[in-house]
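Please look through the model shown below before reading on. The report that follows takes up its charged side chains, its overall fold and its nonpolar cores.

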Amino acid sequence: MIVIVAPYSIADQSVNPHLGAANKIRLIIELLLKVDNELVLVNTGHNNTISKNIIINDVSVGCSVVREITPPILTHHAFGKLLNLFYIKKVLNKVLLSGKPRLLWLYNGYAFESLLDRKSVV
């Protein structure tokens, strides 16, 4: 299983989509799916869905469907990003329910991504 940690924000999910980044992330996902058809996306983007819980969905990315794990999203994004630092272990546990990662790919080296990498078992 491959795990990608990235802020995947496409037009229909966010009022501030990052289309260039979304296209790069989609391309990377499509390429990595050729290496391993089990892929989990930890979506660190603060999209339209507001939730105090970790959300797990199967989502379409390009022509494929992947498991998406989204940390809590709050209306105040800066506070939400800070709060997510306390969810690292819980998010990682949700990832491990899908299997043991053999590759972890980080789109950004921000605090959440770096701490998740540091705590990972890859």
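Does arginine 67 count as buried, partly exposed or exposed? In this predicted model, arginine 67 counts as partly exposed, because its relative accessibility is 32%, where buried means under 20% relative accessible area, exposed means over 50% and partly exposed lies in between, computed with a 1.4 Å probe and protein chains only.

## Basis of the model

Residues are numbered from 1 along each chain as its sequence is written, and side-chain values use heavy atoms, with hydrogens and water left out. Because the model is predicted, local features need pLDDT of at least 70 and side-chain atom pairs count only at pLDDT 80 or more, whereas totals for chains, interfaces and linings use all residues.

## Salt bridges

A salt bridge is taken as a side-chain nitrogen of Lys or Arg within 4 Å of a carboxyl oxygen of Asp or Glu, and by this rule the count comes to three. One of them joins the side chains of arginine 67 and aspartate 58, at 2.8 Å from N to O.

Arginine 26 and glutamate 30 form another salt bridge, with their closest N and O atoms 3.2 Å apart; both residues lie in helix 1 (residues 19-35), four residues apart, or about one turn of the helix. Arginine 26 is partly exposed at a relative accessible area of 27%, and glutamate 30 is partly exposed at 24%. Aspartate 36 forms a salt bridge with arginine 102, the closest N and O atoms being 3.1 Å apart. This pair links distant parts of the chain, 66 residues apart, with aspartate 36 in the loop between helix 1 and strand 2 and arginine 102 in the loop between helix 3 and strand 5 (103-106). Aspartate 36 counts as buried, because its relative accessibility is 11%.

Threonine 44, in the loop between strand 2 and strand 3 (55-61), counts as buried because its relative accessibility is 6%. The side chain of threonine 44 makes a polar contact of 3.2 Å with the side chain of glutamate 113.

## Fold and nonpolar cores

The protein has four helices and five strands, assigned as DSSP runs (H or I of at least four residues for helices, E of at least two for strands) and numbered from the N terminus. Their order from the N terminus is β-α-β-β-β-α-α-β-α, and 43% of the 122 residues count as buried.

A nonpolar core is a set of buried Ala, Val, Leu, Ile, Met, Phe, Trp, Tyr and Cys residues joined through side-chain atoms within 4.5 Å. The largest has 15 residues, of which Val3, Val5, Val42, Val91 and Val95 touch the most other members. Strand 1 (2-6), strand 2 (39-43), helix 3 (88-96) and helix 4 (111-119) each give two or more residues to this core, and helix 3 supplies the largest share, four residues. A second, separate core of 14 residues includes Ala6, Ile25, Leu32 and Leu41.

How values were computed:
Polar contact = N/O pair within 3.5 Å; in protein donor to acceptor, adjacent residues only side chain to side chain.
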